[in-house]
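Biologist: I've got the sequence and the model open side by side. Could you talk me through how some of the helices pack?

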Amino acid sequence: MAQHRNVILIGMPGSGKSTLGILLAKALVFDFIDTDVVIQTRQHGRLIEILERLGPEQFCAVENQYCAELELDQYVVATGGSVIYSPDAMANFQRLGTIVYLAIEFAELLPRISDMDSRGIVMQPGQTFADLYAERVPLYQQFANITVQCTRDDHEHTVSQIMAALAAHT
């Protein structure tokens with residue numbers, strides 16, 4: 001699987017990017033980075049605090065800048081769900097490796113994000129989570145080299161699905 005210099009995971013909040021990313025990194029013998037953690041470290045705070053301080057547009061500008069600057073080799077990258085609004089970041093990720101969309105049905109996603117108010121999800125005022133899902137799914141699909149359905153299966157099964165998809169994608 002050496003042809004995949006990096007594997008970049010995109011998808012909705014709650015789709016499992018961070019959890020699956022760590023497991024996938026172990027399976028690939030890659031390093032792991034979570035871009036939300038990069039933002040938190042550089043901005044000195046939790047995502048929700050940064051989002052409240054900056055607002056959605058400025059938060060996305062910061063996310064775009066940090067992700068566009070990344071230079072990685074043999075990493076699994078868990079991205080923030082809003083990274084697909086960042087053209088420079090997505091262009092960098094397309095250059096850096098294989099983008100995997102962790103697709104999940106809305107009905108299955110909703111119970112996973114019970115902490116939505118404290119999580120730091122980029123949403124416009126008045127926008128519902130259902131609206132956000134409908135807006136983002138086509139963008140995830142647009143940028144993905146590979147789409148993997150994340151259902152109720154256990155994490156190991158999903159990682160196996162990702163590994164098989166990566167092996168088939170050359």
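This is a predicted model: local features need pLDDT of at least 70, side-chain atom pairs count only at pLDDT 80 or more; totals for chains, interfaces and linings use all residues.

Biologist: At roughly what angle do the axes of H2 and H3 cross?

Modeller: H2 covers residues 35-43 and H3 covers residues 47-69. Their axes come within 10 Å. Angles of 65 to 115 degrees count as roughly perpendicular, and this crossing is put at roughly 115°.

Biologist: Is the crossing of H2 and H3 left-handed or right-handed?

Modeller: Two packed helices are described by the angle between their axes and the distance between the axes. As for its hand, the crossing of H2 and H3 is right-handed.

Biologist: How many residues of the contact of H2 with H3 are nonpolar?

Modeller: H2 brings residues including Val38 and Ile39, while H3 brings Leu47, Ile50 and Phe59, among them. Five of the contact residues are charged and three polar. The nonpolar ones number nine.

Biologist: Which residues does aspartate 36 contact, leaving aside neighbours within four places in sequence?

Modeller: Aspartate 36 sits in helix H2. Its C-alpha atom lies 8.0 Å from that of alanine 78, 42 residues apart along the chain. With those neighbours left aside, its contacts are Leu47, Glu63 and Gly80.

Biologist: Is leucine 20 buried or exposed?

Modeller: Leucine 20 belongs to helix H1, residues 17-28. Beyond four places in sequence, it touches residues including Leu9, Leu102 and His155. Buried means under 20% relative accessible area; leucine 20 has 2% relative accessibility, so it counts as buried.

Terms used: Residues are numbered from 1 along each chain as its sequence is written. Side-chain values use heavy atoms; hydrogens and water are left out. Axes are lines fitted to C-alpha atoms, for helices over the stretch in contact, and angles run from 0 to 180 degrees between N-to-C directions. Helices (H or I, at least four residues) and strands (E, at least two) are DSSP runs, numbered from the N terminus. A crossing is left-handed if the near helix is turned anticlockwise from the far one by less than a right angle, and right-handed if clockwise. Contact means heavy atoms within 4.5 Å. Ala, Val, Leu, Ile, Met, Phe, Trp, Tyr, Cys and Pro count as nonpolar, Asp, Glu, Lys and Arg as charged, and the others, Gly among them, as polar. Buried means under 20% relative accessible area, exposed over 50%, partly exposed in between (1.4 Å probe, protein chains only).
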